[in-house]
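The sequence and structure are shown first.

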Amino acid sequence: MSSGREPRPRLLIALCAAGFVLFNFPLVIVWDKDVTVFGLPMLPVALFVIWGGLILALAAAMERRAPPRDEDGRERR
Amino acid sequence: MKVLIADDEPNIVISLEFMMKREGYEVIVARDGKQALDAIRRERPALVLLDAMMPEMTGFDVCAAVRSDETVRDTRILMLTAKGRETDLARGAGVGVDAYMTKPFSTRDLVAKVKELLA
Amino acid sequence: MIAAPLVLAASLAYLLTLFAIAAFADRRATQGRSVIDNPWIYALSWAVYCTAWTYFGSVGTAAVSGVWFLPIYLGPLLAMLVAWIVVRKMVRIAQTYRITSIADFIASRYGTSPMLAAVVTLITVIGMVPYIALQLKAVSGGFHLLTAGPTPHAEAAIVWWRDGALLVALAMAAFTIVFGTRHLDVYERHEGLVAAIAFESMLKLVAFLAVGAFVTWGLFGGMGDIWARAQALPELDGLLRLGGAEKAGAPDYARWFALITLSMLSALVLPRQFQMMVVECVGERHIRRAAWVFPAYLLLINVFVLPIAIGGQVLFGPGKMDAETFVLSLPLTQGAHWLALLAFVGGLSAATGMLIVETIAVSTMVCNDLVMPSLLRLPGFGTRQDGDLTRLLLNIRRAAIVGILMLGYLYFRIAGNAYALVSIGLISFAAVAQVAPALLGGMYWRGATKAGAFGGLIGGFAVWSYTLMLPSLAKSGWIPGGFMDDGPFGIGLLAPEHLFGLTGLDNLTHSLFWSLLVNVTLYVGLSFARNPSAREASQALLFADVFTRANSSDPAPVFWRGAARLEDLRSLAGRLLGASRADTLFQDLAQQQGVAPPDLVPDARLVDRVERQLAGAVGAASARVMVSSVAQEEPLTVDGVFEILEEASQLRGYARALEEKSLSLEQATSELRAANEQLKSLDHLKDDFMSSVTHELRTPLTSIRALSELMLDTPDMETEQREEFLRIVVSESERLSRLVNQVLDMAKIESGNAEWRNSDVDMGALVSNAVRATSELFRGRHAAVELSVPDGGVPVIRADPDRLTQVMLNLLSNAAKFVPEEHGRVLVALDSDEDGLTVEVRDNGPGVPLKDQASVFEKFRQGGDALTRPAGTGLGLPISRQIVNHFGGRMWLDSQPGQGACFAFWLPLGAREEEEP
């Protein structure tokens, strides 16, 4: 595991800070509206979408050490 | 008592021959290693003055052959060498020479050594 | 309604499955084929975060206040975003220093203080009791609902032996004892348990999603349909806004923030999270995946919370039914009995998972950090040298497990009914959050001291007790509640939920604010007030710099000075680990030192290693007490710490320098080896040459000395004899001086120091002169010399005529030596072509044997044997060849044995001097 493929601490801290900002006052007011998205209230939808987005970003940041994969998905030895 | 002189340098043979005869020994001369070995087996000398560096067979080879030959094994061998390096001394001891002298030698020392070996 | 025996049977079947899985994983672990060495299993085990609170309570919260159930799950996401930085460091520290609990962690960080460990343990135990009560309440409530049917807000009186909560508590105690305390482990790892928890996490997720899907698509036409129908209910208006259904003024952003922060800290410092993330971690690399799988799990399990909460209210009517039971009551009342049973098992699973892990973690702390250190201080106990303590340790833990669960049950009976699940859970969170500053701060801030940690923990805990715990007891009516509004002794400013008149915050945020404020202020303030002691400073370094100071190739410095006896250490280890484990330990240590076990030197490093191993079994605090009972410890001074650090960094420096050196040395060695090979061959040549020269010098000297001595010693020698001897002496002297000249000549040419006086040379004249000069020689040997030079001569070349004459004389005298006594014939021929001149000297002597032809130009290789060979030094031909080569030409021999020899050389016309080397 080369250090170059380690998750980058700065990126992780930035994501954490972004999460703090996106989930809290005052940005949360932006989502807190009487609007529906696909028939659903906007606030929970927004929170879940941000949540999912951060998880995807985190997964990408953490798994980037993975060596190139073969087509069958197995790690190359 | 017979003494064999084995050396390929004629002038050294001359001096050795003179010396041995003066001391009263019967002298045989060999000019190379092979002759020397033949002479030893044939004449059974009591002592061989053996030059280390000779054509055909080196003194070391001659000595080794003598020591492994039942009939002449007890021949006294005084090896003479012009090289005188440690390795030569060791080699001589390895093949079983009785004494070792470096050229140029002192005639008195040589005679004393010969007498000692034949005593 | 479902028959009680069926529910009990399902619960039993579930518990048996857990047993089976745990047993299987334990067996695999002993075979060395760990099932938990897998990032997915590891991540699932983190989901122990989701308890009955999540399973039942979230829906209850969502039904009342909409999205307010979410912050408790957003916080962990934020924590997981930095898991690679924080959790990995916790894991590294814990595994390097054999830390097995939060109490251990904090106590070790601040100088292995048993008092600190005890305080942390007490806070954790007290803080966890409500949480455990929550699980018992949920399970017993669920059981009651399934068997008795949904009765809105009903709580039937029950006799204790039919009390589901008590039964659950006892069953959990049994399970935990079986899988948590079967043996002592220096790593405190429980593979079977982790596997069981992972399974439990899967089960509760599947069950909850099943209920969610059933409600969303079975009872309604999707999430949109639920929301559309909810719009018709005025009670639900504004539910999904932060302001809440009541529309009571501005949204409480402070509480929102407090919940996120609190849950973020909790995800890191809850005892069960620490147990699963840090203690049970089998490989740091698994954190990479677990860090994102865990929040993804939280997201999944929360997707259906709102649909169930709102759907339930739409079906039952708002406020008609306890929303915390919707997960069970919805399937039950809608005829999906099997689903209800599955949902109950899922909830049971959520509750049991938490109970098991929490009690194991807390019981380890109670045993290692509270009971053992106290026992060890008892007079007579610590010094008792006999007896195996492992059984005692395990029994203490078992008792602690039962005790903690019973405390939880007690709290449930006392306060359980006054609070919703979520409120109980938050009380616990707030308590455990008090350890966060000391824990997280200690990992990064080297200046933090024991006093700071102590002050922060006690202060924060005290404020928590007063502002949150006490009111919770008061509200349930067990203590008079009068002080709640008026404050104690009528002092309004001290009212627990409105401290110093701070209003406008809900009780949790209020308590959290004050407790953490006091906590952090004391922690930082007291740390600043005094410099860290030597022990604190050294531990701070070990923790903060764990990534740089502690890796296998570069052992951490050992901050310990003193002396111990090997036997004492051995018997201590034997008592705490058991004889066979202790033997293994000392064999390993001996192997590392490279000595036999009895020859181990009980130096600081060894004592440190033993203490760490013991810390794994009994906790750092107990291990410290026990080791210091057998070791004469020298007080560590600040100077001492610096000294040790200095040594370590010097050693590290040396190691690094050595590594670099060895690299360059390796290179140098191979270069040297190559050079040496070259030198050796050169040396060999030189040695050969010297030995040959020596031989050649000694041989004439021998004759001269021997003959001279003989003449001296024989005064009466005959005149002819004397004359012959004198003649030999003279000729040998000549031979000697010739040899000396040639050796010098050779050395000069070879070293490039020879002088070359070049001029235009007419080779025809030069060869004729040489032949004339040697004519006497040939005449003496009765040999005829023929000279053949082309008509009109040959071109002039540029060379040193003296040197070329030397070559010619050498070749001619060689020929003269080898021609037969009679009919000797020597042919000297000079010829020229376009490029150069060729000179041949051909004799009709015996020729050169094939085997010697290659070596005639080598030094001291004289042809023929000494008897027949004319006197020579063996240097003539090598010197001649060197001269010819110098002018860019070449010399060779052409000879058929028995038909004479022909030495020849060729010189180029535009003879350039070779660049001398």
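A polar contact is a pair of N or O atoms within 3.5 Å; within protein, one atom must be able to donate a hydrogen and the other to accept it, and residues adjacent in sequence count only if both atoms are side-chain atoms. By this rule, eight residue pairs are in polar contact across the interface of chain B and chain C, with both residues at pLDDT 80 or more. The model is a predicted one.

**Chain B against chain C**

Two elements of chain B, α1 (10-22) and α5 (107-118), each give two or more residues to the side that touches chain C. Of these, α1(B) supplies the largest share, seven residues. By class, this side of chain B is made up of nine nonpolar, five polar and eight charged residues.

In all, 22 residues from chain B and 28 residues from chain C take part in the contact. The residues of chain B that lose the most area to chain C are B:N11, B:F18 and B:P104, which together account for 24% of what that side buries. The area buried between the two chains is about 2300 Å², and carbon and sulfur atoms give 60% of this area.

Two salt bridges are counted between chain B and chain C. One salt bridge joins C:D713 to B:R108, with the closest N and O atoms 3.0 Å apart.

**Chain A against chain C**

The size of an interface is often given as the accessible area lost when the parts come together. For chain A and chain C this buried area is about 3500 Å², with 75% of it on carbon and sulfur atoms. The contact involves 37 residues of chain A and 39 residues of chain C.

One salt bridge is counted between these chains: C:R289 pairs with A:E63, and their closest N and O atoms are 2.9 Å apart. Four residue pairs are in polar contact across this interface, both residues being at pLDDT 80 or more. On the side of chain A that touches chain C, the elements giving two or more residues are α1 (9-23), α2 (27-31), β2 (40-41) and α3 (42-62) of chain A. Helix α3(A) provides the largest share, 11 residues. The classes on this side are 24 nonpolar, five polar and eight charged residues.

| Chains | Residue pair | Closest N and O atoms |
|---|---|---|
| B and C | C:D713 and B:R108 | 3.0 Å |
| A and C | C:R289 and A:E63 | 2.9 Å |

**The sheet of chain B and its helices**

Strands of a sheet pair through backbone hydrogen bonds, either parallel or antiparallel. Chain B has an open sheet of five strands in the order β2-β1-β3-β4-β5, with parallel pairing. Its edge strands are β2 (26-30) and β5 (99-102), each of which pairs on one side only. Direction ignored, neighbouring strands of the sheet are turned by 20° against each other on average. Strand β4 (residues 76-81) of chain B pairs with β5(B) in the parallel sense over four bridges. Here B:L78 has B:A99 of β5(B) as its bridge partner.

Helix α2 (residues 33-43) lies across β1 (2-6), β2 and β3 (47-51) of chain B and runs at about 170° to β1(B). Helix α5(B) lies across β1, β3, β4 and β5 of chain B, at about 160° to β4(B).

Methods: Residues are numbered from 1 along each chain as its sequence is written. Chains are lettered from A and ligands numbered from 1 in the order in which they are written. This is a predicted model: local features need pLDDT of at least 70, side-chain atom pairs count only at pLDDT 80 or more; totals for chains, interfaces and linings use all residues. Side-chain values use heavy atoms; hydrogens and water are left out. Contact means heavy atoms within 4.5 Å. Buried area is the accessible area (1.4 Å probe) that two parts lose on being put together, summed over both. A salt bridge is a side-chain nitrogen of Lys or Arg within 4 Å of a carboxyl oxygen of Asp or Glu. Ala, Val, Leu, Ile, Met, Phe, Trp, Tyr, Cys and Pro count as nonpolar, Asp, Glu, Lys and Arg as charged, and the others, Gly among them, as polar. Two strands pair if DSSP finds at least two bridges between them. Axes are lines fitted to C-alpha atoms, for helices over the stretch in contact, and angles run from 0 to 180 degrees between N-to-C directions.
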